[in-house]
Amino acid sequence: MTNAEANGALKSKYAADFLEHCALAINKLDVEVLEKAVDLLLKIRNQGGRVFVVGSGGGAGHASHATCDLRKMCAVEAYAPYDNVSELTARVNDEGWETTLVNWLRVSRINQKDGLLVFSVGGGSAEKNVSMNLVNAADFAKENNAAVIGVIGKDGGYVSKIADVAIIIPNLFPDLVTPITEGLQAVIWHLLVSHPRLQINQAKWEGMGSH
């Protein structure tokens, strides 16, 4: 076998292995917990509450996309702090990263009707000083009697300890924790927003039928 053939075989094996790892993680997701997340989002909508969606890095991108889908497909009043980059960067610059989300939630007057939806690979840790912006945001939400939903990887970290609903993506492959977690987070929020009990408006292509 030539070097080129060996490299090609290795690439093909990695692709196949990665997809198999994703499938194994999906099969170990707790379906009952997913349904509880739907129940909670439906409750928030029915009582006129709002959903604040947060994360860092890839989770911040997820937050903006999930906010769009919650509003457009599910008629849930939802917000992501990253969508106002001027406010976000002003707070980071003047107040520090760790309190950025807390102060944003404070101005928004998060309350008992509302929910905080957190996308995080590790779920944060006060002991290790990791993702303290998310840890503080979750604490502040609970202090104000808002619900917390976590879509998280590894062991769920701090968020899983205080969340009303913790959707934990199994940590089956230590070398692929971040890509598999962030990839399946997208699968999970699309599951939530397309759930027939929560979805009100079809997405464009589904609405067009077979045409």
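Just after helix α3, Ala75 takes a positive phi of about 55°. Helices here are DSSP runs of H or I with at least four residues, strands are runs of E with at least two, and both are numbered from the N terminus. The model is predicted, so local features need pLDDT of at least 70 and side-chain atom pairs count only at pLDDT 80 or more, while totals for chains, interfaces and linings use all residues. Residues are numbered from 1 along each chain as its sequence is written, and side-chain values use heavy atoms, with hydrogens and water left out.

Helix α3 itself covers residues 58–74. Its 17 residues should span 24 Å at 1.5 Å a residue, and its end C-alpha atoms are 23 Å apart, which agrees; the expected span is 1.5 Å times one less than the number of residues. The buried residues of α3 are Gly59, Ala60, His62, Ala63, Ala66, Thr67, Asp69, Leu70, Met73 and Cys74. Buried means under 20% relative accessible area, exposed means over 50%, and partly exposed lies in between, with a 1.4 Å probe and protein chains only. What covers these residues of α3 includes α2, β1 (50–55), β2 (77–79), β3 (115–120) and α8 (177–193).

Leu70 also belongs to the largest nonpolar core, which has 64 residues. Val51, Leu70 and Leu116 are those with the most contacts inside this core. Helix α2 (residues 31–46) gives the most to the core, with 8 residues. A nonpolar core is a set of buried Ala, Val, Leu, Ile, Met, Phe, Trp, Tyr and Cys residues joined through side-chain atoms within 4.5 Å. In soluble globular proteins, nonpolar side chains tend to be buried together.

What surrounds Val51? Leaving aside neighbours within four places in sequence, Val51 is in contact (heavy atoms within 4.5 Å) with Leu41, Ile44, Leu70, Val76, Glu77, Ala78, Tyr79, Gly115 and Leu117. Leu41 is found in helix α2 and counts as buried because its relative accessibility is 1%. Leu41 and Val51 are 10 residues apart in sequence, and their C-alpha atoms are 8.0 Å apart in space. Beyond residues up to four places away in sequence, Leu41 touches Val51, Leu70, Ile149, Leu192 and Leu198.

Leu192 is also one of the buried residues of α8, among them Ile180, Thr181, Leu184 and Trp189. Helix α8 has 17 residues and reaches 24 Å from its first C-alpha to its last, close to the 24 Å expected at 1.5 Å a residue. Thr181 is buried because its relative accessible area is 2%. Not counting residues up to four places away in sequence, Thr181 touches Ser120, Val121, Ile152, Gly153, Ile169 and Leu176.

In α4, Glu87, Leu88, Arg91, Val92 and Glu95 meet Thr100, Asn103, Trp104 and Val107 in α5. Helix α4 (residues 85–95) and helix α5 (residues 100–107) pack at an angle of about 120°, with their axes 9 Å apart. Axes are lines fitted to C-alpha atoms, for helices over the stretch in contact, and angles run from 0 to 180 degrees between N-to-C directions. The two helices are therefore oblique to each other; angles under 35 degrees count as roughly parallel, over 145 as roughly antiparallel, 65 to 115 as roughly perpendicular and the rest as oblique.

Two loop residues remain. Arg109, in the loop between α5 and β3, has a positive phi near 55° and is not a glycine. Arg109 is exposed because its relative accessible area is 65%. Asn129 lies in the loop between β3 and α6 (132–143) and has a positive phi of about 55° although it is not a glycine.
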